[in-house]
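Work through the exercises below with the sequence and the model in view, and try each task before you read its solution.

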Amino acid sequence: LNETIEAYLPAYRKHIVTQEEFMNELDPNCHAVLFDDNIPSICLKTKNNGFQEIKFSKMAVPFQRNIKNKQLLHLTGNNLVFTLVETNPSETQRKNFVTFKQYWDLRNQDGMKNKMVDTQLSYGDAGLLYYFDYRGRIKSRILSYADGYVLCPHNDQNGDRILESVYYIKDNVEYIDSYDDTFMYRYKKELMVNESEDTGWILEPPIAHGFDEIPLITKRGDVAWNNVQNIITSYEILYNVFNAIQRRHGWGLLYVKGKFKNNAEKIAGSVILNDTSLEGKGDAKFLTPPTPQGTLDTLQLMLETIQLGSSTTFILPKDVKTGGDISGIAIQLTQSLDIENALQKVIDWQNVADKMVRLFKYGLSKELVAKGENKTAITEFEDLHINAKFKVWKPMNDYEYNQMLTILTGAGILSKETGIEKNTESSPDELIRVEKEHQAMIDEQIESQERQMKMSQQAQQSKGGEE
């Protein structure tokens, strides 16, 4: 009481980068160094006392693309891992779970997940839109800034998504498609040369999209190279300056000192120069340029800083020694930055994985009902609780990994069902296949016992008849 407390809101400045800049940074053919006139060139003096510039092609280094691809590999190199969240699942739930995973593979949903992550790491945001095609099948497609789509999500005061909007231009007409839990609202506006003819935005009749929640999934985040773009730019400038200097001075010079006649003697293919000066101090020697080790060390330092700043490790063939430890564990330790970064992104992308499962599961249930394959699929799939998680890709030996699962399953530490699900060679319906084989084995044993009992009874009957 009677105490005054001053509160301050955080204040900081940020450099705003547009998505167009992201596109230019990602494409090596658009890098700024290619258009930098400050990169030195070679100028030579001609016989006519004129000057001639020797131009050479500037070179861009695709760091951004390599960083993006490396981060994409560690985050999406493995398929999503599904778990049926039921204490005691029924036979119907088991079959529906297998059906879900089979259709997930048939519709390439892991591929769509990879494309979405690729798009977000490349341009800063990405959208995945689920829809029903003309046959009533559940499908999905990527909405990317590179394809002309601008994503505009809207949240309420608690941060919950209440509307997803997409702006794009098609056939000289501007569109804004907005999705809520029930409808798709389309606004359109024709592009007019004369502003006085502008009719403004027109709302078309809402269309039911067929899902029980917003069918558009969006994800925003930093591009893969966001923290190291300035270092990459400096690296490319120094790299090109170094190439220009090496081209001018990198081959060395033949230095000849003395007084010589214009006509030199040539003996056995060699030119003989005779020094005619009185001092007789003529000399000829090959001068090598100073070593560029300082520049090379700076480029190496920048390369290491780029890897540290982007949490991305580049392992080249020269880095792997055939006589050393090249096991999966050794490579994992080397790529700890990549793995730690991917583990953090798993948390960031969990909501996307959950919504992909919900939308695909709901859409698949409606498709199965429409095709007549399962009339009660909607209610059955509503009770089907599936958890999906990203699994970080790490260098490993599949044989050793599967052998580990076999040992843990045999020791009773892991259940057989978990061992089957996590085995790298398992099919989506692997558990059902194993159960069928087990049931077939039991049926064969029962039939064998019945045949033996029948033969034994026949033998006893025949023995009794003889007596």
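**Exercise 1: the second largest pocket**

The second largest pocket has a volume of about 430 Å³, where a pocket is an open set of points on a 1 Å grid over the protein atoms alone, where a 1.4 Å probe fits, with protein on both sides within 12 Å along at least five of seven lines, and a volume is the space filled by probe spheres set on the points, which are joined across faces, edges and corners. This is a predicted model, in which local features need pLDDT of at least 70 and side-chain atom pairs count only at pLDDT 80 or more, while totals for chains, interfaces and linings use all residues. Residues are numbered from 1 along each chain as its sequence is written, and side-chain values use heavy atoms, leaving out hydrogens and water.

Task: find which residues lie closest to the centre of the second largest pocket, and how its lining divides by class.

Solution. Next, look at the elements that give two or more residues to the lining, among them β4 (125–132), β5 (138–143) and β8 (173–179); strands are DSSP runs of E of at least two residues, and helices runs of H or I of at least four, numbered from the N terminus. Finally, the lining divides into 16 nonpolar, two polar and five charged residues, with Ala, Val, Leu, Ile, Met, Phe, Trp, Tyr, Cys and Pro counted as nonpolar, Asp, Glu, Lys and Arg as charged, and the others, Gly among them, as polar.

**Exercise 2: the largest pocket**

Task: state which helix gives the most to the lining of the largest pocket.

Solution. The largest pocket holds about 920 Å³ of space, and Leu80, Val81, Glu421, Asn423 and Ser426 lie nearest its centre among its 40 lining residues. Helix α3 gives the most to this lining, with seven residues.

**Exercise 3: α3 against α9**

Task: describe how the axes of α3 and α9 cross.

Solution. The axes, lines fitted to C-alpha atoms over the stretch in contact, with angles from 0 to 180 degrees between N-to-C directions, come within 11 Å and cross at roughly 100°. That makes α3 roughly perpendicular to α9, a term for angles of 65 to 115 degrees. The contact (heavy atoms within 4.5 Å) includes Phe100 and Trp104 of α3 and Phe360 and Leu364 of α9.

Technical notes
Parallel < 35°, antiparallel > 145°, perpendicular 65-115°, else oblique. 1 Å grid on protein atoms, 1.4 Å probe; cavity = no way out; pocket = protein on both sides within 12 Å on 5 of 7 lines; lining within 4 Å.
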